[in-house]
Amino acid sequence: MNEFLPLLLVFLPFVPALISFALPERMAVWRDVINISFALAKLALVGFLLLSVEDGVTTEWRYEFLQGHDFILRTDAFALLFITLSAFLWLIATVYAIAYFGRGPHLARFFGFFNLCVLAATGVAMSGTTITFFLFYELLTLATWPLVVHKGDEKSLRAGRIYLIYTLAGSAAFLAGIVWLKSLVGTIEFTAPPDLSGIPRLELTLIFILCIGGLGVKAALIPFHGWLPEAMAAPAPVSALLHAVAVVKAGAFGIVRMIYDVYGIDTVSELGLGTPLAVLAGATILYGSFRAVMQTDIKKRLAYSTVSQVSYIILGASLIGPFAIIGALVHLVHQGIMKITLFMCAGALDNRMGIKSVADLDGAGRAMPVTMAAFSIGALGMIGVPPTAGFISKWHLGLGGLQSDAPWVIAVLAGSSLLNALYFLPLLYRAWLLPPSAKLASVRELDGAWNRMLILPAAITALATLAAGAFATFPFSPLSWAKLIAESGYLK
Amino acid sequence: MSPLDLLVAAPLAFMIAALLSGPWGRWWLLAAIPVMAGLTVWLLLLPEGSGHVVGGWTLPLGVQLRADGVAQLMVAATAVCAAIVGLYALHEFAPGADRSETAHGFAFWPLFYLLWGGANAGFLTTDLFNLYIALEMVSLAAVAMAAMGSLRAALRYFVIALVGSLAYLLGVALLFSNYATVDLTLLAEMARPDLATKTALAVMTAGLLIKAAVFPLHGWLPPAHAAAPAPASALLSAIVVKVGFVILLRLWFEAFPAIIAPAGLELLGWLGALAVLYGSVQAIRQDTLKALVAYSTVAQIGYLLLAFPLVATAAGTGGAWAGMTIHATAHMLAKAAMFLAAGLMLKAVNGHHLKDLHGLARAMPLTVAAFGLAAVSLMGLPPSAGFLAKFLLLEAAVEQGAVFAAAVLLVGGLLAAVYLFKPLAWAFAGSDTPVVVAKAPLRTAAPLALALLAVSLGFAGQAMVDITAGSPWAGPPATEAEDVQ
Amino acid sequence: MTLAFDLILCLMIIGTAASALLMRNALAAIVFFIVFGNLLGLAWLAMDAVNVAMAEIAIGAGVTGVLLILARQRLMALGDDLVCDEMPGWLRAGALVACAGFAALVGAAVLSVAPSDDLGGPIAALMPSLGIENPVTGVLLAFRAYDTLLETFVLLGALVAVWSLAPGTAWPHPPATLALTEREGHGVAAAFGRLLLPLALVMAAYLVWTGSDLPGGAFQAGTVLAGGLIIAVIGGAVLWPRGDNRLLRVALVLGPAVFLTIGLAGIALGRFLFYPPGFEKALIVAIEYSLALSIGVTLALQLAGPPVTPDHKG
Amino acid sequence: MAIVEHLYPLTGAVLVGLGLYGFLTLRHPLRQLLAVNVVGAGIFLILGGLGRGADSTDPFPQALVITGIVVAVALTAFGAALILRVAEDERAPDGTAADDTNGNHP
């Protein structure tokens, strides 16, 4: 039974995907029920696995799809960190999407691909070899494209085109890298880094660049970030999913795997590859923040904020040190929770009151206090105000920078936090302290089940943002789990 | 008893039956499918390299049939394609309103079986002259099917194919004169690098490159494949070009590997690379759907040629060999699916252009899904068989340090994504659902089944690698084909 | 034959071929092509290949020539005067150089191979077991019967392919009638046709029968039959049948069907296309007769071309 | 002496070249069809001529040639019909026989 658990966990969303595709629109209620119940089932399954992995039991499923090429799904602690996040946010995003779209057209397709996306993200997390990782990584690309072009207007199609060009080119580079590496050292399982000592430095460096470059596209590292702000053309639930868990996180997750499980920190430090990557991540953090400040569209601003925030993870991973990696891992979760909160709120504001740009926000806090409260918590978290989750991340990253003799990291973090404040606080100021503009539709935030359902997910994740910060030392908190990962494998 | 000759005889028997049955001829398909399926399974179960000489005569007089890995894989893929395309065609090639015969509705079916039988004959024989006849069977049916769409394109195809056939025949004549045999297995033992052999090989290769539509001899393909009715296009792109390719394989890697100069392999590799790039760029530039899909065939054939130098240098590992043959199989299934899906979509909107597909993902979700899945395999994205093939080729290229080939493989995949997502983007465009009239909606199952197969065969990777490795001449030196009764 | 004869013959072959290709007048070109085919037949005779000579004269020169003449006539009727656009001189020069080079390459390859009768011996050794004398028929219908079987299907398929070209309104009407250009010749042709058809039948039957022992055989006989049919149609003695005529279909598939059936029956005795000992000649002759009939009808209909809509006859 | 022995196959080689030249320079499909037949005849001469022994000709290539001639005539017949139909189609009044709608599809 346990052997098939990883398989079950990955392919569970396939069932609601198929059902969503197949059910006619008039049975939409059933589709909603099925989607939510499968999300719950998956969460339960993840809970069960969390308990067993904490006891040190990892389960594994392997299948030799080609001689010498294993397809491996494994539940190690790092995988579970990502899976827990995705399972939790999947449930949240499903509820939100149902409320957001109501009974709009062609949702069957949307929920079908939505589920495939989650399948791919889970697969990315549990992949036990580079080639398995690649399989799911590509599947993720394919499954997200229909979501990006969901609206079908000129802008979405353009976004979809740009998204594909970036991500497929990235995947090609990544594929070249892993095939090259495999031809040198054979199959690479993510259990212990292979022995790379006999391989010329130049080759290793080139492969590293190919792989990180390829993964960096999804993680929106500069200069490969161009697709992300464009992808804002997608509906809010898609943006939430893309930014918080699926696409960008798959890239960041892959980079962590590359550094810690494929090359191993020793090889990376020996080759001197960590510092350039850290610098690039730092540059991305500052660049993203700068661009965010300049945006007037709320979703665009959030998008550039994502560019910046995801690189925190890469920064932490590339600094190579106990605190830094804990910071990176914990931020993987924290950023997800915070960013999904922000996107869901932005979507709700747009959906209910037609607010799209910063200037429209005046007085929105009075019309939709719950939404704006959740938004504010997310924004403060992003800035890194204690006791939110964001503070925990930045604290560890900062310590990690000091520990790795990279004091410039503190400057980057400080600068970024300043910029974060610069682009988030005005929103809060406008929403809470300015009088509402006349043209804003007057809405009653919590009227009707649909509307309550639209707010509820954001409220939950906002509370989670607070909880992750306030109860960071409790077992099973993201921080504790990140420490578990770091202690179990990444720090020797 | 052996399935080898029955796989050729059965379609021919059905050809006669279809000819005799007039307006009812199409229904023979329902008998043909189980018969051919049974024979194909039987073929797959045969021990590696089993074969015999037809009629119980002996070489060099007789014609030897043999089941090696390539033949098994290609015959099986052909059977799947032909069966499903045939089912799809039942509606398109039907009698007129008053049960009277129509020229196309009647003639398609005998030609269909001629093509099927000819393709099987071509895959199974080791006799170069017999291959010539098989090639003509296939070409004749193919041109006639192309003529059902555009007479002009068919004429162009016909004239060029004729030259290709004659070039091939000239080579056969020279080889027979030189060695007093036209059997590949005997030639492999006797091959000498003399002028006659080299000339023969050169002209035969040129002829086959025409038949397989390899750049720069591909000119006839796009107009003919784009204009033909959907099931005909599917058969042409999936099966017909593969016959020329398989003969090329047999010549280069079975009969004359000893006298092939590396430069020749390199040349074919370059042609393949150019075909991938040129075909893709042309496909990107098309604004009609079927022309796009047809140029995609030009590009995909390029991969097969690109693999030639990799296969030759990778003796023993077999990765490139498997990659090449699996690519041929994957392309067969995916391209047939894509043409059928394209046919349904265009029929429904009554147009030809990409922009006519506007919003079709909503009106015909399953058909668009079939197109999309086929596209996944053609782009070489996981988990499809197309990915498996590309992965194996890429691995071989990287292992051999063939950086250029590896780059072409990767870039080709990206270009394929560019041109294949264009129609998909149109299908996903717009928020209003167009009103389409899909006749015989059950037909959607055909492209969907083919596309799903192309994608899911990726999971059966090792099985396909094992089958295709069953060529007595792919890895170790050639051995005599065994005779099984 | 003497060397001089061979040499003159070859020069004439090349000369007529060149004329057939280079004449501006299409009719003259086709006439030269027919002469060329007949000279080739002579060449085959000179090489002691009587079977091939008959096939070449009957099919290569005869049927192909009639085909080309008919096609030209119909194209002219459509206003296509078959004039080729003149290519630029430098292109023609380039093509000439390339083709001369290619011919030289092929010629060199040919010269490097010594002519020899390699398989004559092994074939002769096997012939007694077949009970027929003509080794070419032996090769065609025994050793390489598989080739021949497929070939008959190519022929049949070609007719279906010709039919498939019919305009939508034309199927299943008969092909266009063949008419002489001059009215006066009509009566003569009619009488001739009525006379010739039975003669052609007898002649075909004879050719098949001798084919097993002497030169001749199904293809040659089929061609004679086709010729008889054509002339009979020109004279109006018989009319082209409709494409969906039952009897016609049976006649068309008879040869291939008999061949295939005998081949499949062989499986019961061991192998596809295996002739049980003692029955070789009987089976081969049965195949040949049915083939001759089918080939005759098929060739005649191929010459007739695709069906036409009744109201416009080309 | 080689030339004498090779007289017919060499003639065949010349015919191949001639036919190819005709094919390349003649721009009318029917003339090209004729040229292709010349090439075919040349190939058959090579095949038969090189199978000539001291006093007999190998029956094996003879049979191949006969098969080849029959295949060639089948293709020529189809080609001629195709050329004719293309010509008819081009001269047809608009609408009655436009290229890819031959009226055969319901």
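Where in chain B is Asn350(B) found? Select that residue to begin; the model is predicted. Asn350(B) sits in the loop between helix H13 (319-349) and helix H14 (360-363) of chain B. Display its backbone torsions: phi is positive, about 55°, although the residue is not a glycine. Asn350(B) counts as exposed because it has 9 C-beta neighbours inside 10 Å, and the cut-off for exposed is 12 or fewer.

Stay in chain B and select Leu292(B), which belongs to helix H12 (residues 289-313). Is this residue buried or exposed? Leu292(B) has 23 C-beta neighbours inside 10 Å and therefore counts as buried; the threshold for that class is 20 or more. Next, show its contacts, leaving aside neighbours within four places in sequence: these are Ala283(B), Gln286(B), Tyr419(B) and Pro423(B). For a distance check, pick the C-alpha atoms of Leu292(B) and Met36(B). The two residues are 256 residues apart along the chain, and their C-alpha atoms are separated by 32 Å.

Move to chain A for two peptide bonds. Select Ile222(A) and Pro223(A): the bond joining them is cis, with omega about 5°. Pro223(A) lies in the loop between helix H8 (201-218) and helix H9 (227-230) of chain A. Then select Pro386(A) and Pro387(A), which are also joined by a cis peptide bond, with omega about 5°. Here the loop holding Pro387(A) runs between helix H17 (369-383) and helix H18 (389-403) of chain A.

Continue to Asp405(A), in the loop between H18 and helix H19 (408-433) of chain A. Asp405(A) is exposed because 11 other C-beta atoms lie within 10 Å.

Finish at the contact between chains C and D. Select the contacting residues on both sides: 82 residues come from chain C and 70 residues from chain D. On the chain C side, colour by helix. Those that each supply at least two residues are helix H1 (3-22), helix H2 (26-46), helix H3 (50-77), helix H4 (89-111), helix H5 (120-130), helix H6 (135-143), helix H7 (145-164) and helix H11 (280-304) of chain C. Which of them gives the largest share? H3(C) does, with 14 residues.

Notes. Residues are numbered from 1 along each chain as its sequence is written. Chains are lettered from A and ligands numbered from 1 in the order in which they are written. This is a predicted model: local features need pLDDT of at least 70, side-chain atom pairs count only at pLDDT 80 or more; totals for chains, interfaces and linings use all residues. Two residues are in contact if their C-beta atoms, placed from the backbone, lie within 7 Å. Helices (H or I, at least four residues) and strands (E, at least two) are DSSP runs, numbered from the N terminus.
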